[in-house]
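Please examine the structure shown below before reading the report. The sections that follow describe selected helices, strands and sheets in turn.

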Amino acid sequence: MLYQIQDGTVSLGGETILSHFDFEIRGRERIAVVGKNGAGKTTLLRLLSGQLQLDRDDRRACPGIQTARRFTIGFLPQQVFSQEGDSDRTVEEELLRVCPCKDTWDKERFLYEQEYDRLFTGFGFAKQDKQKKLSEFSGGQRMRIALIRLMLEKPDVLLLDEPTNHLDEKMLEWLEEWIISYEKAVVMVSHDRFFLDRTAEVIYELTERKLVRYVGNYSSFVEQKQKKQQILKKEWERQRAEEERLNDLIRKFRNKPRKAAFARSRQKLLERMEKLEKPSSEEIRPFFKEIIPQVISAKYVLEMEELQIGYGEALSEMLQKITLRIRRGQKIGIIGPNGIGKSTFLKTAAGLILPVEGKLRRGERVVMEYFDQQTASIESEDTVKEHFQSQYPSLTEKEARSVLGQWMFGGKMAARPVNRLSGGEKSRLRFAEIFQNCPNFMILDEPTNHMDIQAREMLESALRAYQGTLLFVSHDRYFISRVADALLVFEKNQIIYYPFGYEHYLQRLRRAVKSKPDTAKALLSGAGMRPEDRALMEEVKNVPQAEKGRFQRISTEQAYSEWKLGLAEEDVEAAAEKVYQLEEEIQKLQMQEIADGAARAETVKAVKTAEIADIAETTDAVKTADIAEAADAVETAESVEMQKLLLRLKEAQEQWTEKCIVWYKEDILLKETPDESQ
């Protein structure tokens, strides 16, 4: 145990922020602290950094804070370089302050500056920026410089308060990889759930002034918490039912002389019952049941052919003409840089903007709903409940309250005037209306803007349960990864259709960049096909010119199948490589144990022989047998490290088998796919 807090309490300004909580850091864990704004996450980081102390508590049996050894702590607060004189230093002066060999020019200094350069350019700075003063940089750039300084210090415990602020997608990915490979412990606070999903191994939830520990990343934490909430709710409901049963018995028999003793015993049982707290009504209620549209649309919801988008003469120069078919039931997320035409594309698809050129056809029986921040700007003097019931007068009051409660408008929230709702709350109300209409096609432009994490998770669960067709734009990477089953990647001069989720896209892109950085996009371009009915893209018109000839000679389905088989082969090779590496590690460890164990075996044998002979003269045969058995155990027991390696090898072999099965299935499908070019 590197660091531990037991039964700790922290107060600020006479107000208790954290009360009788436990917290620990084990080894090199990556720990994320999550909770509502104002719950005390930053306060916890300040306590860990030594800026705050635990409240004195004479009744606490333990020391409060315990550490295994002396260690260093580095803290990245949300406000950096705020002290007088900080802004007058150059970046180089600031970053060399933490160099352990700043006054020498040896190999260590050379290696330090190499890492310094790598970190500096990795966060988007030019080398000449080193000579600039800190005052010349924006707040976001200063935050990055402070983070680089901490990375160079390499503290035993790295504390990060919202480290993803002011970072673009490439920098985020770079930071994620660095934290994953960091050799020491990290404790972080962030609202970027995708970042936490990739980096965190342990989640501490700060709720009701206490910390609850969950092992796993953010997605695992959400699942565990939902299960826990369901169990608590059932236990509370079961206790309420038992209380009602006992009260009924007491009322029934308390006035009957022969049953009065029985009624009194039930009363005592009721009084001794440990009352469970009602689960918080603020917790979201995920949508578990499928949400099926009232009308089933045609097979193809939307078809575009040679479509050119834009506003009048201001054409979208960033994009080529689009040929696209969206199939019923698909959930497609759109990603790409700002200003490239994503929102224009959505408005055109929704019919709010006329195409400049080309054809746009909506399928039969398509019932569409469009959402953006303007459509969510509801203005009304009515309360939330009154407004919702005016939209759906056929609903009873109980039904309306049930729907609103599902969208986190229960109790007092339902009585709040619509005009007093925040932007995120108005968005939730708009989605309550959209899902009540239950269309079969939704087009959403940045649906999670202004929403807190709870609201986003609730919307994610609804969209995952939704069985209609979805086309949306979002910058929330976690939201995209949870909802989208396919992507449209908007890039300069082309749109790439990727037929898998966001996690798969990132994994594929990283592999492509590592293997052949200059052909990464070309490798992804082969994803612009679908195995069924030529899928979304009728023709592969977006691939680089060098690739076009190859794709035009074979059918879309066959090209797609070949591409998927290639992916499966890569997965098999990666899984096999992992198995080979583990086998090598085990072999090395075995050789080491043999070498180390030879002398130990002789020693154990001698000790065992001597002890057995000695004890046989003075004790009974049973004790002698025990000693012999213990000595045998010393000889035959495998090291803990070996057991771990063998377990990892077994898991790797199972994954290898699974990847081989996937490859085999893809190979069979490819052989069954007709080649239309022949």
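## Helix H9 and the residue after it

Glycine 351 follows helix H9 and has a positive phi, near 85°. The model described here is a predicted one. The buried residues are Lys342, Thr344, Phe345, Leu346, Lys347, Thr348, Ala349 and Ala350.

## The chain as a whole

The chain has 678 residues, of which 47% are buried. Its secondary structure comes to 20 helices and 20 strands. Among contacts between residues at least 6 apart in sequence, 70% join residues that are at least 24 apart.

Strands of a sheet pair through backbone hydrogen bonds, either parallel or antiparallel. In this sheet, strand S14 (residues 331–335) and strand S19 (residues 486–491) run parallel and are joined by 4 bridges. Glycine 333 has leucine 487 in S19 as its bridge partner.

Is strand S6 (residues 157–161) buried or exposed? All 5 of its 5 residues are buried, so this strand is largely enclosed by the rest of the structure. In a regular strand the side chains alternate between the two faces of the sheet. In S6, Val157, Leu159 and Asp161 point one way, while Leu158 and Leu160 point the other way, and all are buried.

S6 pairs with two strands described here. Strand S5 (residues 73–76) runs parallel to S6 and is joined to it by 4 bridges; isoleucine 73 has valine 157 as its bridge partner in S6. Strand S7 (residues 185–189) also pairs with S6 in the parallel sense, over 5 bridges, and leucine 158 stands opposite valine 186 in S7. From S6 the chain crosses through helix H5 (residues 169–181) to S7, and this β-α-β crossover is right-handed.

## Helices H4 and H5

Two packed helices are described by the angle between their axes and the distance between the axes. For helix H4 (residues 139–153) and H5, the angle is about 20° and the axes are 13 Å apart. Angles under 35 degrees count as roughly parallel, and H4 is therefore roughly parallel to H5. The crossing of these two helices is left-handed.

Which residues of H4 and H5 meet? Arg144, Leu147 and Met151 in H4 meet Met171, Trp174, Leu175 and Trp178 in H5. An α-helix has 3.6 residues a turn, so residues three or four places apart point the same way.

## Helices H7 and H8

Helix H7 (residues 218–253) and helix H8 (residues 260–272) have axes that come within 8 Å and cross at roughly 150°. Angles over 145 degrees count as roughly antiparallel, and H7 and H8 are therefore roughly antiparallel to each other. H7 passes H8 in a left-handed crossing. On the side of H7, Glu243, Leu246, Asn247, Leu249, Ile250 and Phe253 make the contact. On the side of H8, the contact is made by Ala260, Phe262, Ala263, Arg266, Gln267, Leu269 and Leu270.

## The sheet of three strands

A further open sheet has 3 strands in the order S2-S1-S4, with antiparallel pairing. Strand S2 (15–25) and strand S4 (65–67) stand at its edges with a single partner strand each, so one side of each is left without a neighbour in the sheet. From one strand to the next, the twist averages 25°.

Strand S1 (residues 3–12) pairs with S2 in the antiparallel sense over 7 bridges. Glutamine 4 has glutamate 24 as its bridge partner in S2. Helix H1 (residues 41–49) lies across S1 and S2, and it runs at about 120° to S1.

Technical notes:
Residues are numbered from 1 along each chain as its sequence is written. This is a predicted model: local features need pLDDT of at least 70, side-chain atom pairs count only at pLDDT 80 or more; totals for chains, interfaces and linings use all residues. Side-chain values use heavy atoms; hydrogens and water are left out. Buried means under 20% relative accessible area, exposed over 50%, partly exposed in between (1.4 Å probe, protein chains only). Two strands pair if DSSP finds at least two bridges between them. A crossover is right-handed if, with the strands pointing away from the viewer, the path from the first strand over the helix to the second runs clockwise. Axes are lines fitted to C-alpha atoms, for helices over the stretch in contact, and angles run from 0 to 180 degrees between N-to-C directions. Angles under 35 degrees count as roughly parallel, over 145 as roughly antiparallel, 65 to 115 as roughly perpendicular and the rest as oblique. A crossing is left-handed if the near helix is turned anticlockwise from the far one by less than a right angle, and right-handed if clockwise. Contact means heavy atoms within 4.5 Å.
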